Amino acid sequence: MDLEIKEEIPVHEEFILCCGVETQVLKCGPWTDLINNQRGTRPKLLIFIIPDPNAEEVKDIYGLRGQVEHKLAFLRTQVPKEMKLVIIGHSIGSYFSLEILKHAPELPNIFNAAYLGSQEMREVVKRDNETIKEHLPKLIFYYGTTDGWCPREYYDDIKKDFPEGDIRLCEKKIPHAFILSFFQEVANMVADWLKDDLSKM
């Protein structure tokens with residue numbers, strides 16, 4: 001994929017009400033309203049990124065189930081049904097990605113979900129093998145080697161349970177909190193994973 005940026009991509013920040021909660025949304029691209037914009041400027045693909053939220057935020061504001069319902073409500077009310085969708089989750093955001101697949105498999109037209117990191121919250125104590133098995137061809141798993149939140153044994157276990165899956169072990173020593181120093185490397189890597197699917201659009 002050509003990593004050289006040929007033009008500046010506009011970024012829009014919006015606050016919308018979703019499930020009665022004011023929600024910050026960052027949009028990259030020359031558009032602002034996916035539902036009402038029927039012109040040719042509406043994108044064909046949405047990449048929906050679920051970051052790792054603050055642990056206190058998860059516990060005190062929504063809870064895990066509430067976080068999932070919040071993401072589902074956003075997708076159902078803000079994203080047209082015909083739009084192709086890629087979901088990328090980091091850490092507990094990866095759990096939310098699997099829950100979206102589990103509870104609303106009709107939402108993603110195409111799904112190339114990246115499962116960055118793994119179970120880190122006390123409430124998430126067991127891997128959801130049933131959902132993983134059902135959607136395995138749509139998933140990419142990426143495990144770190146220097147990650148105290150997600151030890152190497154998690155990678156070994158899932159690789160053993162799903163040998164046919166696209167399960168990768170980091171060879172670059174990227175830390176769990178990659179956003180601090182390795183954001184460009186991770187962005188380039190994920191873009192490379194998606195380029196084959198995107199070239200078919």
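**View 1. Asp161 and Arg127 in a salt bridge of the predicted model.** In this predicted model, Asp161 is partly exposed, with a relative accessibility of 39%. The side chain of Asp161 meets that of Arg127 in a salt bridge, with 2.3 Å from N to O. Asp161 belongs to helix 4 (residues 152–161) and Arg127 to the loop between strand 5 and helix 3, so the pair ties together parts that are 34 residues apart in sequence. Arg127 counts as buried, at 17% relative accessibility.

**View 2. The salt bridge between Lys102 and Asp128.** The closest N and O atoms of Lys102 and Asp128 are 3.5 Å apart. Lys102 is partly exposed at 44% relative accessibility, whereas Asp128 is buried at 18%.

**View 3. Further salt bridges.** Arg168 and Asp166 meet through their side chains in a salt bridge of 2.7 Å, N to O. Arg168 is partly exposed, with a relative accessible area of 28%, and Asp166 is also partly exposed, at 29%. A network of salt bridges links Arg65, Glu69 and Glu99. The count of salt bridges in the model comes to nine.

**View 4. Helix 2 and its buried residues.** Helix 2 consists of twelve residues and spans 17 Å from its first C-alpha to its last, close to the 16 Å expected at 1.5 Å a residue. The helix is mostly covered, with nine of its twelve residues buried. Among them are Ile92, Phe96, Leu98, Glu99, Ile100 and Leu101.

**View 5. The largest nonpolar core.** This core has 23 residues, and those with the most contacts inside it are Phe48, Phe74, Leu75, Val79, Ile87 and Ile100. Two or more residues each come from strand 1 (11–18), strand 3 (45–50), helix 1 (55–78), strand 4 (84–90) and helix 2 (92–103). Helix 1 gives the most, with six residues. Among the residues that Ile100 touches are Phe48, Ile50, Leu72, Leu75 and Ile87.

**View 6. Gly89 in strand 4.** Gly89 is buried, with a relative accessible area of 1%. The C-alpha atoms of Gly89 and Ile49 are separated by 5.9 Å, although these residues are 40 residues apart along the chain.

**View 7. Lys27 in strand 2.** Lys27 lies within strand 2 (residues 21–28) and is buried, at a relative accessible area of 10%. Its side chain is joined to that of Glu14 by a polar contact of 3.4 Å. Other residues that Lys27 touches include Pro10, Val11, His12, Thr32 and Asp33.

Notes
Residues are numbered from 1 along each chain as its sequence is written. This is a predicted model: local features need pLDDT of at least 70, side-chain atom pairs count only at pLDDT 80 or more; totals for chains, interfaces and linings use all residues. Side-chain values use heavy atoms; hydrogens and water are left out. Helices (H or I, at least four residues) and strands (E, at least two) are DSSP runs, numbered from the N terminus. Buried means under 20% relative accessible area, exposed over 50%, partly exposed in between (1.4 Å probe, protein chains only). A polar contact is a pair of N or O atoms within 3.5 Å; within protein, one must be able to donate a hydrogen and the other to accept it, and residues adjacent in sequence count only if both atoms are side-chain atoms. Contact means heavy atoms within 4.5 Å. A nonpolar core is a set of buried Ala, Val, Leu, Ile, Met, Phe, Trp, Tyr and Cys residues joined through side-chain atoms within 4.5 Å. The expected span of a helix is 1.5 Å times one less than its number of residues. A salt bridge is a side-chain nitrogen of Lys or Arg within 4 Å of a carboxyl oxygen of Asp or Glu. Lists of a residue's contacts leave out its neighbours within four places in sequence.
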